[in-house]
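Welcome! Here is a short tour to read alongside the sequence and the 3D view.

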Amino acid sequence: MLTREENDLLTQTGPGTPMGDLFRRHWIPACLAEEIPGADSTPARVTLLSENLIAFRDSDGNPGLIDAYCPHRGAPMFFGRNEECGLRCVYHGWKFDVNGMCVDLPNSPEGETYKDKVTIKAYPAFDAGGIIWAYLGPKDKLPPKPNFEWFDMGHDRRYLRKYLLRCNYFQAIEGDYDPSHGFFLHSTLDGNNSNPGNRLRGGNRLNSFLNRKHVQIEDTLYGQQHIAVAGFGEASNVVTVSQFFMPSFTGSGISGPGVYASNLRIPIDDESCYHYRLRWSYEPFTPQQVQEDKYGGYTYPDQIPGS
Ligand code: FES
Ligand SMILES: [Fe+2]
């Protein structure tokens, strides 16, 4: 059982907290790329690690992540005008680019250079794999950009959805490395055959639970590797290998024949998180696979029709 202090250490990710600093040494998802769909599109509100931010895409299509409030008098930048490579505050028109530089300060006298001293908080961002990635840490500790294999998968080979979870990110992760719960919680009288991952492992998961041989956890350069070995029938074993990528990305094994899974849990604040649920394959998904992956054996919040 964790002490209250240990629990706080793991779950609090706001500025100045130890776990918040750890998240601020990694590139993490800020929002889906489709939330800021094109050049000069409507900005999106983003709360990340307890910081209120605005994501937008400039006229060249570059993503930016800036403070939600204008440094002049605190007006919400969400209502800013996204035009000509910058987001212009609606209140007095100060305009900022994706790097946080003030590129226009109307109503200042001719020759005035005050705008050169003005910036808005801005974080580096880039667009890959259907996600806008951001780095919220110190500039001198900027790590290389991630380059996951699924970044290059086309839409027909990658299935990505984002869900709001009203719990701390850590609670959301724990289930991925809790091998016992699946055999009960995710079991049904039909062996949960509506779930493609369960079909692959055999319908009656309780049997493989009873034959479980061992679980092993290894540290890796990028996080951890979780290896579970279970007996399967008389003569064979099922070996499940799940990766954990720092700071909070899990690879929860195979999700169906040839379908790989990742779950990215990103703190909004200390009471809620986003779950980016990713499935990808070397072969194009069939409509049936996508349907099963959306609904097979699990209950998620309703999605916007058509998504
Ligand atoms: S409050 Fe934004 S320009 Fe004045
Ligand atoms: Fe007024």
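Let us begin with Leu-49, which lies in the loop between E2 and E3; helices (H or I, at least four residues) and strands (E, at least two) are DSSP runs, numbered from the N terminus. Leu-49 is buried, with a relative accessible area of 0%, where buried means under 20% relative accessible area, exposed over 50%, and partly exposed in between (1.4 Å probe, protein chains only). Although Leu-49 is not a glycine, it has a positive phi of about 50°.

This is a predicted model, in which local features need pLDDT of at least 70, side-chain atom pairs count only at pLDDT 80 or more, and totals for chains, interfaces and linings use all residues. Residues are numbered from 1 along each chain as its sequence is written, chains are lettered from A and ligands numbered from 1 in the order in which they are written, and side-chain values use heavy atoms, leaving out hydrogens and water.

**Backbone features**

- Asp-40 also has a positive phi, of about 60°, although it is not a glycine.
- Asp-40 sits in the loop between E1 and E2, and it counts as partly exposed because its relative accessibility is 31%.
- The peptide bond that leads from Met-246 to Pro-247 is cis, with omega near 5°.
- Pro-247 belongs to the loop between strand E15 (236-245) and strand E16 (249-251).

**Strands and how they pair**

- Strands of a sheet pair through backbone hydrogen bonds, either parallel or antiparallel.
- Two strands are said to pair here if DSSP finds at least two bridges between them.
- Four strands form an open sheet in the order E2-E3-E4-E9, with antiparallel pairing. Strand E2 (44-48) and E9 are its edge strands, each pairing on one side only.
- Within this order, strand E3 (residues 51-57) and strand E4 (residues 63-67) run antiparallel and are joined by five bridges; Arg-57 stands opposite Pro-63 in E4.
- Strand E1 (residues 27-32) is mostly covered, with six of its six residues buried.
- E1 runs antiparallel to strand E11 (residues 131-135), and five bridges join the two. Across this pairing, Leu-32 faces Ile-131 in E11.

**Cysteines**

- How many disulfides are there, taking a disulfide as a pair of cysteine sulfur atoms within 2.5 Å? By this rule the count is zero.
- Cys-31 is buried, since its relative accessible area is 0%.
- Cys-70 counts as buried too, at 5% relative accessibility.

**Salt bridges**

- Side chains of opposite charge can pair when their charged atoms come close.
- A salt bridge is a side-chain nitrogen of Lys or Arg within 4 Å of a carboxyl oxygen of Asp or Glu, and a search of the whole structure finds twelve of them.
- One of these joins Lys-162 and Glu-35, whose closest N and O atoms are 2.8 Å apart. This pair links distant parts of the chain: Lys-162 is in strand E12 (residues 158-165) and Glu-35 is in the loop between E1 and E2, 127 residues apart.
- Glu-35 is partly exposed, with a relative accessible area of 29%.
- Asp-116 forms a salt bridge with Lys-115, with the closest N and O atoms 3.3 Å apart; Lys-115 counts as partly exposed at 28% relative accessibility.
- Asp-140 and Lys-141 form another, with the closest N and O atoms 4.0 Å apart. Asp-140 is exposed, at a relative accessible area of 67%, whereas Lys-141 is partly exposed, at 43%.
- A network of salt bridges links Arg-81, Glu-83, Arg-88 and Asp-104.

**A buried histidine**

- His-275 has its place in strand E19 (residues 273-281), and it is buried because its relative accessible area is 3%.
- The side chain of His-275 makes a polar contact with the side chain of Asn-263 (2.9 Å). A polar contact is a pair of N or O atoms within 3.5 Å; within protein, one must be able to donate a hydrogen and the other to accept it, and residues adjacent in sequence count only if both atoms are side-chain atoms.

**On the surface**

- Asn-107 lies in the loop between strand E8 (102-104) and strand E9 (122-123), and it counts as exposed at 78% relative accessibility.
- Val-90 is found in the loop between strand E6 (87-88) and strand E7 (95-96), and it counts as partly exposed at 47% relative accessibility.

Note on methods:
A disulfide is a pair of cysteine sulfur atoms within 2.5 Å.
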